[in-house]
Amino acid sequence: MKALLFHCKNYATRVDRLSNLPKDIEPEEIKEKEQKCGDCIVSLITIEKGDDIEETSSNIAEEISKFCDEVGHKNIVLLPFAHLSNNLAKAKDGIKALDLIENKLKKKFDVMRAHFGSHKSLLLDIYGHVGNARYREF
């Protein structure tokens with residue numbers, strides 16, 4: 001699993017169209033075509049073949065939780081982001097990992113989940129402080 005974490009002033013996304021790649025992609029049902037959030041940790045997450053879904057989901061949830069505690073915000077955005085790897089897990093494993101991460105975090109935080117399986121426009125208005133962006137790999 002790979003992830004980019006950003007401390008954002010503002011986040012926004014809009015689903016433009018469903019993806020047909022990779023070949024096994026199974027887009028989720030679109031519940032919200034547009035999303036917005038302020039003062040949040042935006043987590044761009046890629047699930048890879050061979051990931052231990054339970055362990056890596058727990059690890060990234062812990063990292064996101066620490067980041068939120070450090071910056072003093074309770075808003076989290078989980079954004080599936082296949083662009084961090086050429087070794088993608090199957091779509092069903094990606095969705096399962098996002099579900100696990102969301103369930104771990106929503107006990108303590110307000111969690112928004114971006115659509116899985118679509119091309120999206122994306123706005124990241126990132127704060128300019130030290131530690132505002134982090135890369136994690138598990």
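**Legends to the close-up views**

**View A. Asp69 counts as partly exposed, at 45% relative accessibility.** Here buried means a relative accessible area under 20%, exposed means over 50%, and partly exposed lies in between, with a 1.4 Å probe and protein chains only. The model is predicted, so local features need pLDDT of at least 70 and side-chain atom pairs count only at pLDDT 80 or more, while totals for chains, interfaces and linings use all residues. Residues are numbered from 1 along each chain as its sequence is written, and side-chain values use heavy atoms, leaving out hydrogens and water. Asp69 and Lys108 meet through their side chains in a salt bridge (3.1 Å, N to O). Asp69 is in helix α1 and Lys108 in the loop between α2 and β4, so this pair ties together parts that are 39 residues apart in sequence. Lys108 is also partly exposed, with a relative accessible area of 41%. A salt bridge is a side-chain nitrogen of Lys or Arg within 4 Å of a carboxyl oxygen of Asp or Glu. Helices (H or I, at least four residues) and strands (E, at least two) are DSSP runs, numbered from the N terminus.

**View B. Glu70 and Arg134 form a salt bridge, their closest N and O atoms being 2.6 Å apart.** Glu70 belongs to helix α1 and Arg134 to strand β6 (residues 133–137), and the two are 64 residues apart. Glu70 counts as exposed at 53% relative accessibility, whereas Arg134 counts as buried at 17%.

**View C. Arg113 and Glu102 form a salt bridge, with 3.1 Å between the closest N and O atoms.** The pair links strand β4, which holds Arg113, with helix α2, which holds Glu102, eleven residues apart. Arg113 counts as buried at 15% relative accessibility, and Glu102 counts as buried at 19%.

**View D. Strand β3 pairs with β2 in the parallel sense over six bridges.** Two strands pair if DSSP finds at least two bridges between them. Leu78 in β3 stands opposite Ser43. Strand β4 (residues 110–113) runs parallel to β3 and is joined to it by four bridges; in β4, Val111 is the bridge partner of Ile76. From β3 the chain crosses through α2 to β4 in a right-handed β-α-β crossover. Right-handed means that, with the strands pointing away from the viewer, the path from the first strand over the helix to the second runs clockwise. Five of the six residues of β3 are buried.

**View E. The largest nonpolar core has 25 residues, of which Ile45, Ile64, Leu78, Ile101 and Leu105 touch the most other members.** Such a core is a set of buried Ala, Val, Leu, Ile, Met, Phe, Trp, Tyr and Cys residues joined through side-chain atoms within 4.5 Å. Elements that each supply at least two of its residues include β1 (2–18) and α1 (53–71). Helix α2 gives the largest share, seven residues. Leaving aside neighbours within four places in sequence, Ile101 has among its contacts Met1, Ile45, Ile64 and Leu78; contact means heavy atoms within 4.5 Å.

**View F. Thr13 is found in strand β1.** Thr13 is buried, with a relative accessible area of 8%. A polar atom of the Thr13 side chain lies 2.8 Å from the backbone oxygen of Ser121. Not counting residues up to four places away in sequence, the residues that Thr13 touches include Lys33, Gln35, Lys120 and Leu122.

Note on methods: Polar contact = N/O pair within 3.5 Å; in protein donor to acceptor, adjacent residues only side chain to side chain.
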